[in-house]
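Keep the sequence and the structure side by side as you read.

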Amino acid sequence: MNEQKGWNVLEISNLTKIFNRGSINEVTAIRSLSCFVNKGDFVTVIGSNGAGKSTLLNLVAGTYLPDEGSIRLGGHDVTFWPEHKRAAYIGRVFQNPLSGTCASMSIEENFAMASRRGLGVSLKWGVTRRDREFFKEKLRLLGLGLEHRLRDKVGLLSGGQRQSLTLLMATLRRPRLLLLDEHTAALDPRTAQQVLQLTEEIIREMELTAVMVTHNMRHALELGNRLIMMHHGRIILDVAGEKKKALSVQDLLHEFSKLRGGDEIADDKMLLI
Ligand SMILES: Nc1ncnc2c1ncn2[C@@H]1O[C@H](COP(=O)(O)OP(=O)(O)OP(=O)(O)O)[C@@H](O)[C@H]1O
């Protein structure tokens, strides 16, 4: 995919996603949502439970197809591209540290798989000496000593080590777009902070375009150049640059309480600060 100059990395137009259409369980998870993400944007996304954050990432990644609307990636219409085709251009890290890596394979085999992602049908996952040096160089950046454990099975690693590895693997081939779906939510606070710092460094050094869903308002404010708040499948706040820098947790709580009438707020995961 040749990224056409001047295009937004991601353009979403009038996107709607309805689950269980026509049944009593019908849910409109995304409602006529439009937005664009510029090259180099690092967007943090917050919102109440069920606001549609994960569904939006799933639609962008191709896990789900929309009922209406379109998605353009790097100027190309990918609305009906299958997930595996989009995976060549999208890096993704999920909340569960177990989902991004294969436990029964070694660190170097996991890396080899990630480095060949999107390169066609070849299943040659053999690791060359050159590969090994490259993997070691990347792993050294983590400061976790994993560069000395290339042949260890990934299942032996801690959640934080595994999530850091997943992050490296997801960005190995410099994706056009990095999607982070609450990728530190399952980690203890100290490990989460380390993985967030790594996230910030990788995005900055590789000049990636990223969208990060989080329930933690402090993280949403501290990271990225732009913040989006979602509610009931819509974007209800979109601030960038200096305006975002000026936002406080209190401001976000205020926005949120306006939506909820101020009384249900205590039960919501979004209150993490
Ligand atoms: N596969 C599915 N089938 C049916 N309904 C779904 C499915 N996925 C999501 N939903 C519904 O769509 C709505 C949006 O869910 P989504 O998971 O995108 O919200 P979210 O903002 O990520 O929430 P949370 O912060 O709780 O993870 C919710 O009402 C949810 O129950």
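Predicted model: local features only at pLDDT ≥ 70, side-chain atom pairs only at ≥ 80, totals over all residues.

**From a strand serine to the core**

Ser13 sits in strand β1, which covers residues 10-19. Now look across to Ser70. Ser13 and Ser70 are 57 residues apart in sequence. In space, their C-alpha atoms are 5.3 Å apart.

Turn next to the ligand. How many residues surround the ligand? The count is 15. The closest are Gly50, Gly52, Lys53, Thr55 and His215. By class, this shell has 8 polar residues, 5 nonpolar residues and 2 charged residues.

Start with Asn49. An N or O atom in the Asn49 side chain is 3.2 Å from an oxygen atom of the ligand. Go on to Ser54. Here a backbone N or O atom lies 2.9 Å from a ligand oxygen. Finish with His215. An N or O atom of the His215 side chain is 2.9 Å from an oxygen atom of the ligand. Taken alone, the ligand exposes 630 Å². The protein buries 66% of that area.

Which elements give two or more residues to the shell around the ligand? They are strand β2, residues 27-37, and helix α1, residues 53-61. The largest share comes from α1, with 3 residues.

Stay with β2 for a moment. Ser32 is placed in this strand. Its backbone deserves a look. Most residues other than glycine have a negative phi. Ser32 is not a glycine, yet its phi is positive, at about 40°. Glu207 is also not a glycine, and its phi is positive too, at about 50°. Glu207 is found in the loop between α6 and β8. Is Glu207 buried or exposed? Glu207 counts as exposed, because its relative accessibility is 61% and the exposed class begins over 50%.

The cysteines come next. The structure holds 0 disulfides. Cys35 has a relative accessible area of 12%. Cys35 is therefore buried, as the buried class lies under 20%. Cys102 is at 26% relative accessibility, so Cys102 counts as partly exposed.

Now move to the largest nonpolar core. It has 33 residues. Which of them touch the most other members? They are Ile107, Phe111, Leu139 and Leu165.

End on strand β8, where Val211 is found. Val211 has a relative accessible area of 7%, so Val211 is buried. Look from Val211 to Arg92. These two residues are 119 residues apart along the chain. Their C-alpha atoms are separated by 9.7 Å.

Notes:
Residues numbered from 1 in each chain as written. Heavy atoms only, no water. Near = heavy atom within 4 Å. Polar contact = N/O pair within 3.5 Å; in protein donor to acceptor, adjacent residues only side chain to side chain. Areas by Shrake-Rupley, 256 points an atom, 1.4 Å probe, with all protein chains shown as cover. Helix = DSSP H or I, 4+ residues; strand = E, 2+ residues; numbered from the N terminus. Nonpolar A, V, L, I, M, F, W, Y, C, P; charged D, E, K, R; others polar. Disulfide = S-S within 2.5 Å. Buried < 20%, exposed > 50% of the residue type's maximum accessible area, 1.4 Å probe, protein only. Core = buried A, V, L, I, M, F, W, Y, C linked by side-chain atoms within 4.5 Å.
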